[in-house]
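Colleague: Please walk me through how to read the model on my screen. I'd like to take one feature at a time.

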Amino acid sequence: MALPLLPGFSRRRNIGGENFHRSQICGYSNNVRRLFEDKPGIGGEPLPGQPLKITSSVHPEASGSGPPSWIAFDKQVLCFDAYFEEEVPEKHQELYRIRHCKIYFFLEDDTIQVTEPVVKDSGINQGTILRRGLVPLPPPNEDQFYTMYDFNINTEITIYGRKYKIIDCDLYTKNFLRKIGIRLNPPASRPDDPYTTERQKRYLESTNPFHPYERFDTLKQFLEFDGQVLGFSCVWNDPESKLPDPRELVLRYYLSDDTIDIREILPPNSGRDVVPFFLKRDKLPKNAPTAPYHPGTITNYTLLNVLAKPGRNKGYYIRDVLQTGAVHQEFYKDSDLKIGAVINVWGRQILLCDCDEFTKEHYRKKYGIVDFTPIEYKTPPPPKPEKIIPPYNGFGTEEDSLNSCKSVVIQTPHKDYRQFLVKDRYGMDSFILRYAAKLITDIAVDKDRKFIISYFLSDDTISVFEYAERNSGIAGGKFLERSRIKKPGQELFKSEPSEYYQAQDLFVGARLCFHGHNFLLVDADEYTFNYMEKNANEFPMADICAVFNKLKSMTESRGKEIRKAFAVTDPEHTNVIGYDTFRNWIVNVAAGGFSEHEIMTLGRHYGIRDNSQTDLLLLLSMAQEKLKKNAFENFEQLMTVFLYNDREKCGLLPNETCRTIFKSFKLPLADDLLETLLARFEDNQKQVDYKKFVHALNWRENQVRAFVEEKEQPKREDIWNQLPRSPPVTGIRYPPLLDDLFGKEE
């Protein structure tokens, strides 16, 4: 039972609706008032029995609420190529005109715009034919508008009484129409406008000459060869010159316009005036000088005067295809220029003697010439007299005396500043090689004297310091001032420069003579050994490869005998022998062919270092005490910086990076102590475990008990003033040495 439609007794049927407007049924159609009875009802809903009409674009429905068309199809346009025929009733030359245009369909609001591309000098107002807007369908459906389903290729549409034939569209339009289910027709041909075709034909006929005259086009040559110049060295024997030598010239040929200019090379003190050019840039005729021509004689074209009337200035002229009476001049081209050729430069015979590399490459590629042997035109200069340097007279240094002989104005000797900048002290690198030495003498008092010889790599100077021993009767201290030292056995007053001691002359076991004092180098510090091993190409005594090959050549045929000797020396099979035993074996095998430094190089490579140098806890206690006195507590910030620099988050950083970070925090530790601690916390790849290191330095959380380990006091003769001895090698691992020498034992 249906309820009556009374207020309060009926439910709303449009729950959820948003539009409640009433359609306007009164309006205009073609400027005529009329009543539209087919308008929808309230809210745009169709009335009962009213058919649906498509008034906008129809899109495939999707599940869910989609965006409106003005958002979904924003800036998306369908583009069609079309044309229409326009009648021309008042001209007998053309009956109709084909006008090409483009039709744009805007998907967001179904508007259409028609434009015509502008054609130059067409005489027609072109551009926008139809402004953007909704376009109604032709009658009798003028109350509806064009949608995307009304467009296809090879079809006709009528827009306000004008028929447009669609012939093609762009790729986006084709893909879009296929997606919405429209089957596209094949593209149509694009017709040409008959009147425009006729005008183009007449224009070409009017511009083409009746005869194929020669065309002079130099622009291509200029664009292709601009900036490319051929250079030749040439000479000219001036008959009027009183000097025997010819005059040197430089000829340049410009490939862009076939012009030539010539410059003269004046020797010093020639007495000739300096002029910019010997020949200004221009085309060079082959038969110059010739009689001058009248103006207008040399032209690119020859004209014939026909049908001229006497007494009048008017006439008719045509071009002469046969070039009757034309004057042709021959100019030098690049094909005429080659080494050994003689060219005529306005009556002067100039010989081409040589050319540059670009010119050789040009002739090699273009003409296939490969012979570019230059012509010698200069007499060889006389040999310079040998400069005799007088011998050293004993005043000043040898370098000062030598500079006084080289120039009138005496200059200071030149120093090698590059060597100074590269090998001057920087950071932890001192670039100073220190050796322990003793005197070679028969005097009993001088045999026990100990010296420190320092070699400065920055300027190749040497200083000698003597250790002061108590109750020896010798004061000690500075023994020799820092200076360059000459090698012994050289003549004092001579012309050749003297030889000085170099860094390669100093090694353990070397014998040196400084101003009559003979020294024997017996040891060196760790920095010296490391520097020489890193620069083994400069120090052959520290080159492990050269030393090993030398030992291998001496023991190559005695493998079994040497293995038995080492087995006898090591009865407990520890694979380690003492350094003294190893040294004695090298001395016996080499029979004096190895220096002490070479033996130490082998020992350092195959040896076992003494690790009982300084206890780690003692070093940490010293470092923490120093940090505690200076109130250094920035360990959290220090760890933050370490974590920032650790990009791989592996907990390891290079030694140099850690040292730089500590320097940036101004860690109050001495350089040698910091370097020793970093060496204790690094692995074989020079990577430092910074977390353990910072935790060990943190005196707040990990305080180390300060103590002094009681050790045996070193003997007095083993103490060297400010000279850290090299870490002693306690033993030699001989199995790797034997395997490298003779191969692995089967």
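Colleague: Leaving aside its neighbours within four places in sequence, which residues is Thr-128 in contact with?

Modeller: First, some ground rules: this is a predicted model, with local features needing pLDDT of at least 70 and side-chain atom pairs counting only at pLDDT 80 or more, while totals for chains, interfaces and linings use all residues. Residues are numbered from 1 along each chain as its sequence is written, and side-chain values use heavy atoms, with hydrogens and water left out. Contact means heavy atoms within 4.5 Å. With its neighbours within four places set aside, Thr-128 is in contact with Gln-113, Val-114 and Thr-115. The C-alpha atoms of Thr-128 and Glu-116 are separated by 6.2 Å, although these residues are 12 apart along the chain.

Colleague: Which strand does Thr-128 lie in?

Modeller: Helices (H or I, at least four residues) and strands (E, at least two) are DSSP runs, numbered from the N terminus. Thr-128 lies in strand E6. Two strands pair if DSSP finds at least two bridges between them. E5 and E6 (residues 127-133) pair in the antiparallel sense over four bridges, and Thr-128 in E6 is the bridge partner of Thr-115.

Colleague: What does E5 form with E4?

Modeller: A hairpin, with four residues between the two strands. Asp-110 sits in that turn and has a positive phi of about 60°. E4 (residues 96-106) pairs with E5 in the antiparallel sense over five bridges, and Phe-106 has Thr-111 in E5 as its bridge partner.

Colleague: Why is E5 described as largely enclosed?

Modeller: Buried means under 20% relative accessible area, exposed over 50%, and partly exposed in between (1.4 Å probe, protein chains only). Five of the six residues of E5 (residues 111-116) are buried, so the rest of the structure largely encloses this strand. Another buried case is Ser-401, at 14% relative accessibility. Ser-401 is found in helix H6 (residues 398-406) and, not counting residues up to four places away in sequence, touches Tyr-392, Asn-393 and Phe-395.

Colleague: Now the sheets. In what order do the six strands that include E9 form an open sheet?

Modeller: The order is E12-E11-E10-E9-E16-E15, with antiparallel pairing. The edges are E12 (279-282) and E15 (342-345), each pairing on one side only. Axes are lines fitted to C-alpha atoms, for helices over the stretch in contact, and angles run from 0 to 180 degrees between N-to-C directions. Neighbouring strands in this sheet are turned by 35° against each other on average, direction ignored. Helix H5 (residues 357-366) packs on the sheet and touches E9 and E16, with its direction at about 110° to that of E9. Five bridges join E9 (residues 229-236) to E16 (residues 348-355), and Cys-234 stands opposite Leu-352 in E16.

Colleague: How many disulfides does the count come to?

Modeller: A disulfide is a pair of cysteine sulfur atoms within 2.5 Å, and by this rule the count comes to zero. Cys-234 is in no disulfide, since the nearest cysteine sulfur, that of Cys-353, is 7.2 Å away. Cys-234 also counts as buried, at 0% relative accessibility. For Cys-169, the closest cysteine sulfur is in Cys-79 at 8.4 Å, too far for a bond. Cys-169 is buried too, at 6% relative accessibility.

Colleague: In what order do the six strands from E20 to E21 form an open sheet?

Modeller: That one reads E20-E19-E18-E17-E22-E21, and the pairing is antiparallel. E20 (477-483) and E21 (511-514) are the edge strands, and the twist averages 30° from one strand to the next. Helix H9 (residues 526-534) packs on the sheet, touching E17 and E22 (517-524), and its direction makes about 120° with that of E17. E17 (residues 432-439) pairs with E18 (residues 450-456) over seven bridges; there Lys-438 stands opposite Lys-450.

Colleague: And helix pairs: at what angle do H15 and H18 pack?

Modeller: Two packed helices are described by the angle between their axes and the distance between the axes. H15 (residues 635-645) and H18 (residues 690-697) pack at about 170°, with axes 11 Å apart. That makes H15 roughly antiparallel to H18 (under 35 degrees counts as roughly parallel, over 145 as roughly antiparallel, 65 to 115 as roughly perpendicular and the rest as oblique). Among the residues that meet are Phe-635 and Leu-638 in H15, and Tyr-690 and Val-694 in H18.

Colleague: How many helices and strands are there in the chain?

Modeller: There are 19 helices and 27 strands. Buried residues make up 31% of the 746 residues.
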